[in-house]
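Open the model in your viewer and keep the sequence panel beside it. The tour below says what to select at each stop and what is there.

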Amino acid sequence: MANYVFLGPPGVGKGTMAAMLSESYGNVHISTGDILRAELGAGTELGKRISSCVQGGGLVPDALVGELVRQRLGKTDVLAAGFLLDGFPRTVPQAEMLTALLVDLGIELSRVVLFEVDEEMLIKRLVGRQLCSDCSAIYNTFFSPAARPGQCDICDGTLVTRKDDTLETVRNRLAIYWEQTAPLVGYYEQQSILTRIDGSQTKAVNFSALQQALSI
Ligand code: AMP
């Protein structure tokens, strides 16, 4: 059973690769962004507290997101099938929390995968991203537009853009990535568990590079 962390800037395709890996190999896909958006959508107390932060592209406090991950990683499905963390850790203190948490749980981190794509493509992937509000299919107005603008090819559902995918917020998210998350590359390189993957190709090519890198 293997446990992975997917690292890389917003828009690099971590979520897509994580969903594909989880479907093929069964690892539990844990996306802190999805967990936080679910809290926002459900209008919980926590959701209200983090709403302006998430929608503006800022980072939620380390202790809060660390606690969410601690609760999730201790569940039996994760212990049985292995995990795939997407969007966590995002700061050095979060990485330190994860290291301590894994020691407590007696789990070993198999590999940290860093996905890399140039900045211009990242911006287009994020600003052009659209999701079907019914079936969650993903489109991109630059690279893979829906046949009918604003409407899902699969289920006719309405396509929506994430509130944090506007150009201004995307620039903010990328700046935060370089400032706060990029130092994790050195953190995991020192532990000799970092693997780099070119994320600029098609999904199928990227996934096959990932499988090769992980020898799975
Ligand atoms: P994502 O879907 O990974 O791009 O995350 C969306 C937003 O959720 C981020 O811009 C942050 O506001 C918040 N978020 C997700 N993961 C974390 C994390 N590990 N630490 C702090 N904030 C996070």
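Select Arg162 together with the ligand. In this predicted model, an N or O atom in the side chain of Arg162 is 3.3 Å from an oxygen atom of the ligand.

How much of the ligand does the protein bury? Taken alone, the ligand exposes 480 Å², and the protein buries 95% of that.

Now show the residues around the ligand. There are 16 of them, and the closest are Thr32, Arg37, Gly58, Gly87 and Gln94. Which helix gives the most to this shell? Select residues 32–42: this is helix α2, which contributes four residues.

Leave the ligand and turn to the aromatic rings. The whole structure holds four aromatic pairs. For one of them, select Phe142 and Phe143: their ring centres are 6.3 Å apart, the planes make an angle of 55 degrees, and the pair is tilted. Colour the two residues by accessibility. Phe142 has a relative accessible area of 47% and is partly exposed. Phe143, with 44%, is also partly exposed.

Move on to Tyr187 and Tyr188. Their ring centres are 5.0 Å apart and their planes stand at 90 degrees, so this pair is edge-to-face. Are these two residues buried or exposed? Both Tyr187 and Tyr188 are buried.

The charged end of Lys124 sits over the ring of Phe142, 5.6 Å from the ring centre.

The last stop is Ala213. Select residues 203–214 to show helix α10, which contains Ala213. Its relative accessibility is 30%, so Ala213 counts as partly exposed. Which residues does Ala213 touch, leaving aside those up to four places away in sequence? They are Thr195 and Ile197. To finish, draw a distance between the C-alpha atoms of Ala213 and Ala19. These residues are 194 residues apart along the chain, and the C-alpha atoms are separated by 17 Å.

Key. Residues numbered from 1 in each chain as written. Predicted model: local features only at pLDDT ≥ 70, side-chain atom pairs only at ≥ 80, totals over all residues. Heavy atoms only, no water. Helix = DSSP H or I, 4+ residues; strand = E, 2+ residues; numbered from the N terminus. Buried < 20%, exposed > 50% of the residue type's maximum accessible area, 1.4 Å probe, protein only. Contact = heavy atoms within 4.5 Å. Phe/Tyr/Trp six-rings, centres within 6.5 Å; stacked < 30°, edge-to-face > 60°. Lys NZ or Arg CZ within 6 Å of the ring centre and 35° of its normal. Near = heavy atom within 4 Å. Polar contact = N/O pair within 3.5 Å; in protein donor to acceptor, adjacent residues only side chain to side chain. Areas by Shrake-Rupley, 256 points an atom, 1.4 Å probe, with all protein chains shown as cover.
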